[in-house]
Amino acid sequence: MVSSSGKGHCVTEKLKEYSMRTRRTRNCDFVSGKRDVVNAEWGWYDCSSVCVRHSGDVKMRTWAAFLFLLGMATTAGAGVIWDESVNGNLSTNPDAPTPITFSIGSNIINGSCGNVSAQVRDYVAFNVGPLDTLTAINLLAYAPDNTGFCAINYGTTSVIPNGDTIGFFMAGLHISQADVGSNLLDLFVTRSVTIENLSDPYLVPGDYVFEIQQTSPLIVTYSLEFVLSGPVAVQPSTWGSIKALYR
Ligand SMILES: [Ca+2]
């Protein structure tokens, strides 16, 4: 089932391709750990640690197994991990977002932003670890009702959204009180107003920055729940289902 050609597929590199303004899956050389170059502007990407060797339809089956495990991933745990009224203001500097470490399960951030006292934007940097998946960014609260904007980008820093930088983001959307109860990852797929949009409502391993802003001269408060799912131990019954994918 394993290719001896030395070629493989960068599973966890998938979302990096958003920053390359393409969603095509690329091959990588399993031996050198380098990705094929299609757009010379971006050069090689080192994917040696995430390259999955495959041949033919094994690649698709690998993804099928990955998605199968994703569906069974753990979502235990819950809690407020940052409350601006307790922990202080989140960073308003795109060059230095507030780094926040998510735990498996629910990670709630309570904050506020608005065009008052230089609090227009909040920037949060987070990492989705190997084998983990960010499965939701639920908008739990947003008040008062005044249209705002939020966006996500790959990396550890961000930019101020404007006409010149809008292509930097993986996705971005306008939000209002009507979106309370929605998973913003779903809306990043279906309602993005930036050049790009997510093709799938989840984030694979990597570094990301989430930005939320209110440019009107008022303060809106918000509550966001980031849901991180981790891998589960493969039980005999689970493994049987995975094996079926390879028959
Ligand atoms: Ca804030």
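Let's start with strand β12 (residues 206-213): six of its eight residues are buried, so this strand is largely enclosed by the rest of the structure. A residue counts as buried if 20 or more other C-beta atoms lie within 10 Å of its own, as exposed if 12 or fewer do, and as partly exposed in between, with C-beta atoms placed from the backbone. Strands (E, at least two residues) and helices (H or I, at least four) are DSSP runs numbered from the N terminus. Please keep in mind that this is a predicted model, in which local features need pLDDT of at least 70 and side-chain atom pairs count only at pLDDT 80 or more, while totals for chains, interfaces and linings use all residues. Residues are numbered from 1 along each chain as its sequence is written.

What lies alongside β12? Strand β8 (residues 121-128) runs antiparallel to β12 and is joined to it by eight bridges; two strands pair if DSSP finds at least two bridges between them. Within this pairing, Asp-207 of β12 has Asn-127 opposite. Strand β10 (residues 148-154) is also antiparallel to β12, with six bridges, and here Phe-210 of β12 is the bridge partner of Ile-152.

Ile-152 leads us on to the largest nonpolar core, a set of 38 residues in which Ile-152, Ala-171 and Phe-188 have the most contacts. Such a core consists of buried Ala, Val, Leu, Ile, Met, Phe, Trp, Tyr and Cys residues joined through C-beta atoms within 7 Å. At least two core residues come from each of β7 (105-114), β8, β9 (133-143), β10, β11 (171-175), α3 (184-190), β12 and β13 (219-229). The largest share, six residues, belongs to β13. In soluble globular proteins, nonpolar side chains tend to be buried together.

Take a closer look at Ala-171. Beyond its neighbours within four places in sequence, its contacts include Ile-152 and Phe-188, along with Ala-151 and Leu-198; a contact means that two C-beta atoms, placed from the backbone, lie within 7 Å.

Now turn to β13, where eight of the 11 residues are buried, so this strand too is largely enclosed by the rest of the structure. Strand β7 runs antiparallel to β13 through 10 bridges, and Cys-113 is the bridge partner of Val-220 there. Strand β9 is likewise antiparallel to β13, with nine bridges, and Asn-138 stands opposite Glu-225.

Stepping back, the chain has four helices and 13 strands, and buried residues make up 30% of its 247 residues. Among contacts between residues at least 6 apart in sequence, 74% join residues at least 24 apart.
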